[in-house]
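The points are grouped by topic and are intended to be read alongside the sequence and the model.

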Amino acid sequence: MHTPVATLRTRRRRSTLAGAALAVTAALTLAACGGSGKDQDASGRTRLDVRTDVFYTGAVLPLVAGVEQGIYAKHGLEVTLNPGKGSATTLQTVANGSDDLGYADAGALVQAAGKNMPVQMVAGMVQRSPLAIFAKKDSGIGSAKDLAGKTAGYTAGSAPETVFPAFAKASGLDPDSVTLKKVDVPTRDSLFVQGNTQFTFGLLNVTEPNMKEKCKCDLAVLGYADAGLDVLSSGIVTSDKFAEENPESVRKFLAATAEAVEAVNKDLDGAVASFFKVASTSTLSKNVVAEQWKASAALMTTDRTKGQPFGCTAEADWRSTIQVMEQYGGVPAGKLTPADVADNAQLTGCADGLGKK
């Protein structure tokens, strides 16, 4: 599968720059740090560290292309984009201030908030749930109960794995009846393609397009949504502290991201070209990246947010997500409200305001 790539720019907290990062920085033609203060670059752009959920895929194509094509710079931002190691890890780095914003799963965010992690989602990007389990059609796996006695790779902190106990309980599967091997995401998927595991976790908008090409096999898909898990998917997250202290930076980032989404939809080939200028070591094909974005774009809203501007999430969708996490994800009943985990304040035209204030 695809492998980690260098960060788009070296983090501002480091005192030196590695040669590889310098090369990427030059390729992106972003402003150098110079002698400015820690919050702005030499050109006066506000610096933001942003971490994705996993390694770069077509699901975050607007973020990657937005940096490479200078869209964030046009909005007065110097964005450092870094690949993550799962939504749970990204939420941790956002909560502790190592990153300013991130791209992470909503269910994982609710679980984190249930454990008193001060995080919130400020814009939904892939709202309709793409969480799924994949197996080869000739494996005999046609339902969740068929997973009993089977083996899969398991990446701690990755969204499908985080919500798997909920899927298992909702489907009548004993989660202890499956064998899970702790590995990273690329290894997880490679084990499945090579036939060393019987099923794998993933996302309809990320894993399925890639598997269809790599596996060259027919896939059986067990969607979490089909099991009744009405949960939101992924979006832009930040800490309560950063949102409170830097509302203008959040607003600019979301406005730039909305513009980047429009740019990707207008010129998908150009966006994919930008992707590979950044993720030059990725083993994803151009077709897979394009298909991943197309699938993601089709999941950008739910029935409750259809027709609303980019990023708006609905209070009812959050109530449902919280309820599922209370039932299956270990979140204490009654501890969280939608306003505790989501805020539309830095977006325009949303039907629901949400937010703590």
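The model is a predicted one. The protein chain contains 14 helices and 10 strands, and buried residues make up 56% of its 357 residues. Of the contacts in the chain with a separation of 6 or more, 77% are between residues 24 or more positions apart.

**Strand β3 and its partners**

- Both faces of β3 are covered: Leu101, Tyr103 and Asp105 are buried on one side, and Gly102 and Ala104 are buried on the other.
- Strand β1 (residues 46–51) runs parallel to β3 and is joined to it by 2 bridges.
- Within this pairing, valine 50 stands opposite leucine 101 of β3.
- Strand β10 (residues 232–239) pairs with β3 in the antiparallel sense, over 5 bridges.
- The bridge partner of tyrosine 103 in β10 is isoleucine 236.

**The sheet as a whole**

- An open sheet is formed by 5 strands in the order β2-β1-β3-β10-β4, with mixed pairing.
- The edges are held by β2 (77–82) and β4 (119–128); each has a single partner strand, so one side of each is left without a neighbour in the sheet.
- From one strand to the next, the twist averages 25 degrees.
- β1 and β2 run parallel and are joined by 6 bridges.
- Aspartate 49 has threonine 80 as its bridge partner in β2.
- Helix α4 (residues 87–95) lies across β1, β3, β4 and β10, and runs at about 150 degrees to β3.

**Nonpolar cores**

- The largest nonpolar core comprises 93 residues, and Ile236 and Phe253 are those with the most contacts inside it.
- Helix α10 (residues 247–266) contributes the largest share of this core, with 8 residues.
- Apart from this core lies another, of 5 residues, which include Ala132, Phe134, Met211 and Leu219.
- Which residues does isoleucine 236 contact, leaving aside its neighbours within four places in sequence? They are Leu63, Leu101, Gly102, Tyr103, Gln120, Met121, Val122, Ala123, Met125, Phe253 and Leu254.

- In helix α2 (residues 61–68), 8 of the 8 residues are buried, so the helix is largely enclosed by the rest of the structure.
- The buried residues of α2 are Leu61, Pro62, Leu63, Val64, Ala65, Gly66, Val67 and Glu68.
- The axes of α2 and α10 are 8 Å apart, and the two helices pack at an angle of about 100 degrees.
- α2 and α10 are therefore roughly perpendicular to each other, since angles of 65 to 115 degrees count as such.
- At this contact, Leu61, Pro62, Leu63, Ala65 and Gly66 of α2 meet Phe253, Thr257, Ala260, Val261 and Val264 of α10.
- By class, the contact between α2 and α10 has 8 nonpolar residues, 2 polar residues and no charged residues.

- Most residues other than glycine have a negative phi.
- Asparagine 116, a residue other than glycine, has a positive phi near 70 degrees.
- Asparagine 116 lies in the loop between α5 (106–114) and β4.
- Is asparagine 116 buried or exposed? Its relative accessibility is 58%, so asparagine 116 counts as exposed, the threshold being over 50%.
- Leucine 354 also has a positive phi, near 55 degrees, and is likewise a residue other than glycine.
- Leucine 354 lies in the segment after α14 (338–341).
- The relative accessibility of leucine 354 is 15%, so this residue counts as buried, the threshold being under 20%.

Notes:
Residues numbered from 1 in each chain as written. Predicted model: local features only at pLDDT ≥ 70, side-chain atom pairs only at ≥ 80, totals over all residues. Heavy atoms only, no water. Buried < 20%, exposed > 50% of the residue type's maximum accessible area, 1.4 Å probe, protein only. Helix = DSSP H or I, 4+ residues; strand = E, 2+ residues; numbered from the N terminus. Pairing = 2+ DSSP bridges. Core = buried A, V, L, I, M, F, W, Y, C linked by side-chain atoms within 4.5 Å. Contact = heavy atoms within 4.5 Å. Axes fitted to C-alpha atoms, helices over the stretch in contact; angles between N-to-C directions. Parallel < 35°, antiparallel > 145°, perpendicular 65-115°, else oblique. Nonpolar A, V, L, I, M, F, W, Y, C, P; charged D, E, K, R; others polar.
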